[in-house]
Amino acid sequence: MTYQHVLVEKQGHIARVILNRPEVMNALNSEIMTEIEQVANSFLSDEKTRVVIFEGAGKHFSAGADLKQKGEPQSLLMRRRSAGLGARMIKAILAINQVTIAAIQGAALGGGACIPTACDFRIGSDDITVGYPEVNLGINLMWRSLPLCVRLIGPARAKKMIMLGSRENGTTLLQWGFLDELVARQDLSAASMTMAQAYAQQPPIAVQMIKQSINAVSNALDDALMHMDTDQNLLSQFSDDRREAIDAYFDKRDPVYTGD
Ligand code: COA
């Protein structure tokens, strides 16, 4: 199957899934998110692939949610369903049987940071910057990704990143445990292939059962805790502070929040 915004390249036991909207920094509109979900689900019937590497084409891994996408006006009922797409995509990546690796260069922001946290491993290049800017747009982090971040870097660091919307560099991310490896930009592809080959040589049945067990242990409460993050996002979108965040962004001034 071919996709419009995602390239899938398979060689031996390794598949590369490349987000391919470099002209908009691989921003995540509904079309590419639907395709990522479809690609993730396609590995269920793929007997040969043992490792899947997620990459971004061009300068950045992904600038996150496509801020320029204008959807058709929808009822709240349908907005709620549409807003659930990000969570469906992340859950599809988490559910991939094969070992997953994110090879990250440049910016990985918002949803662009959520995809790597849904993978088993993350390799970053020395030009990497990772952050969750949602709070500075007046909204919460959703897509079931908050606990994925907390588990990687711990609660205090996650609070800093998600509550301040701070952007962290590769050295910090490696020290915090967000990254498993930090390499020079020109070595990113080779480093991700080396890691992929190590897992591809392992017995796939045992490896995939171990992965599922570890995910089951560490993600056990996520559905119960996070099933309403989409609704929280919709709620925050109706707030005055959300409007103030967007107005201040476009006016290039500091926002003044009231709590309404
Ligand atoms: N959605 C849509 N378009 C985006 C985008 C996004 N999330 N992020 C960047 N772009 C667009 C820019 O508007 C710009 O378009 P233009 O050439 O038509 O003006 C183009 O991509 C290049 O962006 P630019 O900022 O010039 O590139 P850069 O390499 O200097 O910086 C980023 C790249 C990703 C670090 C920076 O664009 C950024 O911080 N983007 C916002 C990220 C964000 O807030 N995401 C939302 C997550 S909830």
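User: Which polar backbone atom is 3.0 Å from a nitrogen atom of the ligand?

Analyst: The model is a predicted one, in which local features require pLDDT of at least 70 and side-chain atom pairs count only at pLDDT 80 or more, while totals for chains, interfaces and linings use all residues. Residues are numbered from 1 along each chain as its sequence is written, and side-chain values use heavy atoms, with hydrogens and water left out.

The backbone atom in question belongs to Ala-65; this polar atom is 3.0 Å from a nitrogen atom of the ligand. The pair is a polar contact, that is, a pair of N or O atoms within 3.5 Å; within protein, one must be able to donate a hydrogen and the other to accept it, and residues adjacent in sequence count only if both atoms are side-chain atoms.

An N or O atom in the side chain of Lys-59 is 2.7 Å from a ligand oxygen atom, and a polar side-chain atom of Lys-68 lies 2.9 Å from an oxygen atom of the ligand. Of the 870 Å² of accessible area that the ligand has on its own, the protein covers 62% (Shrake-Rupley method with a 1.4 Å probe; for residues, only the protein chains shown count as cover).

The ligand is surrounded by 15 residues, the closest being Lys-59, His-60, Ala-63, Leu-67 and Lys-68; a residue is near a molecule or strand if one of its heavy atoms lies within 4 Å of it. By class, this shell has nine nonpolar, one polar and five charged residues. Here Ala, Val, Leu, Ile, Met, Phe, Trp, Tyr, Cys and Pro count as nonpolar, Asp, Glu, Lys and Arg as charged, and the others, Gly among them, as polar.
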